[in-house]
Amino acid sequence: MSISATTHAISVNPATGETLRATPWASREAVDAALELAASGYRQWRQVAVAERAQKLRDLGAALRARGEEMAQMISQEMGKPILQARGEVNKSAALCDWYADHGPAMLGSEATLVEENRATIEYRPLGPILAVMPWNFPLWQVLRGAVPILLAGNSYLLKHAPNVLGCAQLIAEIFVQAGIPQGVFGWVNASNEGVSQAINDPRIAAVTVTGSVRAGAAIGAQAGAALKKCVLELGGSDPFIVLNDADVELAVKAAVAGRYQNTGQVCAAAKRFIVEEGIAQTFTEKFVAAAAALKQGAPDVEENYLGPMARFDLRDELHAQVQASIKEGAKLVLGGEKVRGNGNYYPATVLTQVTPAMTAFRQELFGPVAAISIARDAEHALELANDSDFGLSATVFTADSARAQQFAERLECGGVFINGFSASDARVAFGGVKKSGFGRELSHFGLHEFCNIQTVWKDRL
C-alpha cells in the first residue's frame, strides 16, 4: 500500500533520497490526548520548586551528552547536517541546559520595585502549557532553546516538530524521560495544520512559540491572536553582512564564508546579502569566491565535508529557481548555480555578484548555500542597502573603526548586530528580530520571562 503525505509525515534521507520513516498524522483524539497530558504535566510541574526544576535541567544536559552521538547521527541522517556541525549542535544544547540551571533561578526571584518600603514586588509565575511549532534546520537546538527556559519557569511544553525530523522528535522525548522529567511536562505530537489549529484554539494551551517561515508564522500568529494567546515568532531573515573599506579583508572573508555556508546555508540568522564598499569590493569578492569554492561537499557522515545536502528536495528546487530568476534579472553567476546530479539533494556553494535591490536574491530569503554580493558606493549607501529589506533578524558590520561600528548598530533595523564577527545565538544574550523576522525574544532572561505571568504583588496599599 502506498503512503501519502496527506496521511503521513514522511522523512527522507536527503543524502540518498531513501525514505526513512512515515508517521501518521495525529487524529483529533490524539491531539486532545496530548493536550490533556500537557495540562496534567503543568499542574504537577508548577508545584515543583525552581531549584528542583533547575536540577532536572542539569540532568537533561547530562542525558543529552550520554546520548550525544546518537542524537548527532539522527540529525545528520534526517536533515543532512554535516556530522561535525551536528555534534556541535548537541554540545551547544547541553551547555544551554547547564547555563539556565546555573543562572535561571535567580532570574525568577522576586524583584523589588520603586514603591516605598518594599510594599510591591514583581513575581514571575508560569503561564501554562506552551505549544511549540519548530523547524528542521536545528532540530535539537531550536527545541531546547525554547523548552529549557519555558520549563524552568514552571510551564509545560508541547512540541509539534517539522515532519521531516520526527526521528529527532522521538529521540528528544526519550532523552527528557531519561533525565527524569515527569510525563506531560515535555511532550510531542505529530499534528497536521488542522491539529495545530485545534491546539491553539484549545483553552488548555496558554501561549504559542513558532520558529519557521514568514508564511507559517503569519498563519499561526493570526490564529493565536484570534484566540487571544501570546505568541513569540522567530521567522525568516535576509541578514546583511557589511564590509567597509577599512575592514580586515582576510578576517571578513573568513567570517563571511562561515556565516553563509554553515549548515549548508540553512540558517535564519545567517549572512545572506553581502554589502561591500566599492573600494575593496573586487578584492573581497575574489577571496570570498576562492574560499567558497574550496569548501568540501558530500555525504554528511564524512567529517571532512563542510557542506552536506539540503534538507528537502522541494527547497532545493525553490532555491535554484531564485538563483535562475536573479540571473535573468541581471545578477552574475560566478560560482555554482546548478543542482548536483544523483540521488542526493545537493546544491553547491553558489555566489551571485552585481546584485541590486530590484533582484530576487536581494529581496527574498535565500535558504541554502547561495551568497548575494552587492556593491555600496560608500558607508552611508551600505547602511541604506542593509536596511532595505522586509526582514530584520541580524546584521554584521566589518570595520576597523569601533565608533563607526557602534553608529551602524544604532541605525541598523534588526534584532542583533555583530561587529567583526558573524551572527550566532547564545544562551547569554537575547535572540529575535523585527519587521517580518518576527517578534518576541528567546534566550537570556528575556526568553525566560517571555512565557511568564509577570505579576505585581502589592502589600497594604490603602
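**Notes on rings and charges in this model**

1. F241, Y261, F274, F284, F288 and F398 come together as one aromatic cluster. Before going on: this is a predicted model, where local features need pLDDT of at least 70, side-chain atom pairs count only at pLDDT 80 or more, and totals for chains, interfaces and linings use all residues. Numbering runs from 1 along each chain as its sequence is written, and side-chain values use heavy atoms, with hydrogens and water left out.

2. On ring pairs, the rule is that rings of Phe, Tyr and Trp (its six-membered ring) pair if their centres lie within 6.5 Å; planes under 30 degrees apart count as stacked, over 60 as edge-to-face and the rest as tilted. By this rule there are nine aromatic pairs. Take W99 and Y100: their ring centres are 5.0 Å apart with planes at 85°, so the pair is edge-to-face. W99 is buried at 17% relative accessible area, and Y100 is buried at 0% (buried is under 20% relative accessible area, exposed over 50%, partly exposed in between; 1.4 Å probe, protein chains only).

3. Y261 belongs to helix α9 (residues 249-261) and F288 to helix α10 (residues 281-293), so the pair ties together parts that are 27 residues apart in sequence. Helices here are DSSP runs (H or I, at least four residues), as are strands (E, at least two), numbered from the N terminus. Both Y261 and F288 are buried.

4. Two charges sit over rings (NZ of Lys or CZ of Arg within 6 Å of the ring centre and within 35 degrees of the ring normal). K92 has its charged end over the ring of W141, 4.4 Å from the centre; R273 does likewise with F362, at 4.7 Å.

5. How many salt bridges does a search of the whole structure find? It finds 25, each being a side-chain nitrogen of Lys or Arg within 4 Å of a carboxyl oxygen of Asp or Glu. In one of them R67 meets E70, with the closest N and O atoms 3.0 Å apart; R67 is buried at 19%, while E70 is partly exposed at 42%.

6. K435 and E413 also form a salt bridge (3.0 Å, N to O). K435 is in strand β18 (residues 434-435) and E413 in the loop between α14 (402-411) and β17 (416-419), so the pair ties together parts 22 residues apart in sequence.

7. One network to look at: salt bridges link D32, E36, R43, D202 and R204.
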